[in-house]
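Q: I would like to learn how to read the features of a protein model, one at a time. Can we go through one together?

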Amino acid sequence: MDGTAARTVVEFDHTSPEYAQQAHDVTAQLRARCPVAYSESHEGFWVITGYDALAASMRDETTFSSRHVTADDGVRFGGVNIPEAPYENALVEMDPPEWNAFRRVLNPMFAPAAVERLVPDLVRFTDAAIDARAATGSIDFVLDLANPVPAQATLAFLGLDLEEWRRYAEPAHEVVYTRPGTPEFRRAVDGQQWMFEALFAAVGDRRRQPRDDNLSRIVHSDVDGRTFADEEVVSLLGTIVNGGVDTTTALFANAIEHLDRDHDLRDRLLAEPGLVPHATEEFLRYFSPVQAFARTVAQDTELGDQQLRRGDRVLMCFASANRDGGEFPDPDAFVAERQPNRHVAFGMGKHRCIGSTLARAEFTTMLTSTLRRIPDFRIDRAATVRYPSLGIVNGYVSMPATFTPTPQVASS
C-alpha cells in the first residue's frame, strides 16, 4: 500500500510569520478537522494538534523516536526540530538505553532539594536586575530581567562564569526565533559555535582541576564503568544552556504581558501569594513557552486514523494540545485556579523536561519580586517586539515598560 494514499494533507508551516500571527486559530481548525494531519512544508511531516493523540505518541518512545542519527538502513532520524538542527542535542535527542545514563547522572542535580539551594542566587540575580533600573522608572522586561536571570541561573547551576551570560543567552534566543536560511539565523549559529568552544574549554579545565560544581560532577561521573567523552559533555551542556536560557524568559514575558492586561489578576497574585503556584501552571498551559517538538517514526504505526511510516517526521504541538477543549474546559480562558491542569508545557513521558523544577523556581522568583517591587508597571506595547516565528519558542525580543521609581534592595 502506498503510504501517502490516505494522508490528510493540510497547509501548515510553524516557522512562517503568518503562523506566528494566527497560531491558535490555525491549530484550533486542525484539531477540529484532523488532529493528526500531514504538511508538505520542510520536506513533509505529520502535525499532531490533539491532546489525546499527542499524549499517546509522547508516551510511546519506542515508536516515536527522539534520535538525531542515520540508522543502519539509511533512514534519517532528524531529532526534535523541524527543520532539522545542524547538531545533535544530548539527552533531548536520545532514546533509551543511551538516554538512561545521561538522565541518571543529571537527576540528582535537578531534584527539588538541589534547586532549593539555588533559590538565594535566583533572588539575588532578580533583585540586582531590578535594582539596575529601579531609580529610572523604566525597564525592558525581556532584556533587563527575563534574559539575564535565567541565563545567570543556568551558568550558576553549572558553575560557569556569570560575566559571560550575554554571550550564552543572545544566540540561544536568536536561534529559536530566526528562520533557517536567513543571515540572522547564521549569526545565531555562529554565536552558538562560540558557546560550544567555551564549553569545551570549561570541560578540559574540570578534567584537570575538578571543582565543587555540577560541571565537574558531570565530567567525572561514572557512566556504566566509564566517564563521558568531552564531546558528550559539551553536547549535554549545550542542551542545558539552550533549554534553560530561552524558555523561562518566554514564559515570564508572556505572563507579564498578560498581567498588564488583567489588573484584577495582578492584584490577586500580589494579595494572595499562595495562588502563584496554581497560576504558574496556568501560565504554562496558556502560553506554552515551548510550542512544539519533533519525533521520527521508528516503526509503522497508526495514529488518529492516519498511517505513519518508518522515517516519517512528526511535529507534536504542545501549544495546541494545551488548548484542547476535550482535556481543558473553557480552554481559551485563563483560569488561575484551574484543577486539574494536566498541561504538556514540559512534555510528557520519559522525555518530560528535566529542568521543570528549576524553571518554575526562576519564574516564580521573578514574578513575585516584580509584583512586590514594581507592581504598577505599564508595558509600552508600541515598542514591544514579539518573536517573528513560533517555530519553537513563544517569546518576545523586547518589552519596554515604565513604573514608579523604587529604592534598591540588593546589598552592595
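The dialogue below takes the model feature by feature.

Q: What should I know about the model and its numbering before starting?
A: This is a predicted model, in which local features need pLDDT of at least 70 and side-chain atom pairs count only at pLDDT 80 or more, while totals for chains, interfaces and linings use all residues. Residues are numbered from 1 along each chain as its sequence is written, and side-chain values use heavy atoms, with hydrogens and water left out.

Q: How many residues does the largest nonpolar core have, and which have the most contacts inside it?
A: A nonpolar core is a set of buried Ala, Val, Leu, Ile, Met, Phe, Trp, Tyr and Cys residues joined through side-chain atoms within 4.5 Å. Buried means under 20% relative accessible area, exposed over 50%, and partly exposed in between (1.4 Å probe, protein chains only). Here the largest nonpolar core has 44 residues, and L106 and I218 have the most contacts inside it. The elements giving two or more residues to this core are α3 (98–110), α4 (112–134), α6 (148–158), α7 (165–177), α8 (183–208), α9 (214–219), α10 (230–261) and α14 (356–373). Helices (H or I, at least four residues) and strands (E, at least two) are DSSP runs, numbered from the N terminus. Another core, of 40 residues, lies apart from it and includes V276, F334, A359 and F403.

Q: Which residues does I218 touch?
A: Contact means heavy atoms within 4.5 Å. Leaving out residues up to four places away in sequence, I218 touches V105, L106, M109, L158, F228, V233, L236 and L237.

Q: Is α6 mostly covered or mostly uncovered?
A: In α6, ten of the eleven residues are buried, and the helix is mostly covered. Among the buried ones are P148, Q152, L155 and L158. Just after α6, G159 has a positive phi of about 95 degrees.

Q: In what order do the three strands of the open sheet lie?
A: Two strands pair if DSSP finds at least two bridges between them. The order is β7-β15-β12, with antiparallel pairing. β7 (138–140) and β12 (378–379) are the edge strands, each with a single partner, so one side of each has no neighbour in the sheet. β7 is joined to β15 (residues 400–402) by three bridges, and I139 has A401 as its bridge partner in β15.

Q: Where does G137 lie, and what does it touch?
A: G137 is in the loop between α4 and β7. With 7% relative accessibility, G137 counts as buried. G137 touches A401, T402, F403 and P405, not counting residues up to four places away in sequence. G137 and P405 are 268 residues apart in sequence, yet 4.3 Å apart in space, C-alpha to C-alpha.

Q: Why is β8 largely enclosed by the rest of the structure?
A: Five of the six residues of β8 (residues 292–297) are buried, so the strand is largely enclosed. Two bridges join β8 to β4 (residues 64–65), antiparallel, and five join β8 to β11 (residues 313–317), also antiparallel. In β11, C317 is the bridge partner of A292.

Q: How many cavities of 30 Å³ or more does a search of the whole structure find?
A: Rolling a probe the size of a water molecule over the atoms shows where empty space is left. On a 1 Å grid over the protein atoms alone, a cavity is a set of points where a 1.4 Å probe fits but cannot get out, and a pocket is an open set with protein on both sides within 12 Å along at least five of seven lines; lining residues have an atom within 4 Å of a point. Grid points are joined across faces, edges and corners, and a volume is the space filled by probe spheres set on the points. The search finds two such cavities. The largest cavity holds about 40 Å³, and its lining includes F12, H14, A292 and C317.

Q: What is the volume of the second largest pocket?
A: Its volume is about 440 Å³. Of the 21 lining residues, N254, F287, R386, N394 and Y396 are the closest to the centre. α1 gives the most to this lining, with six residues.
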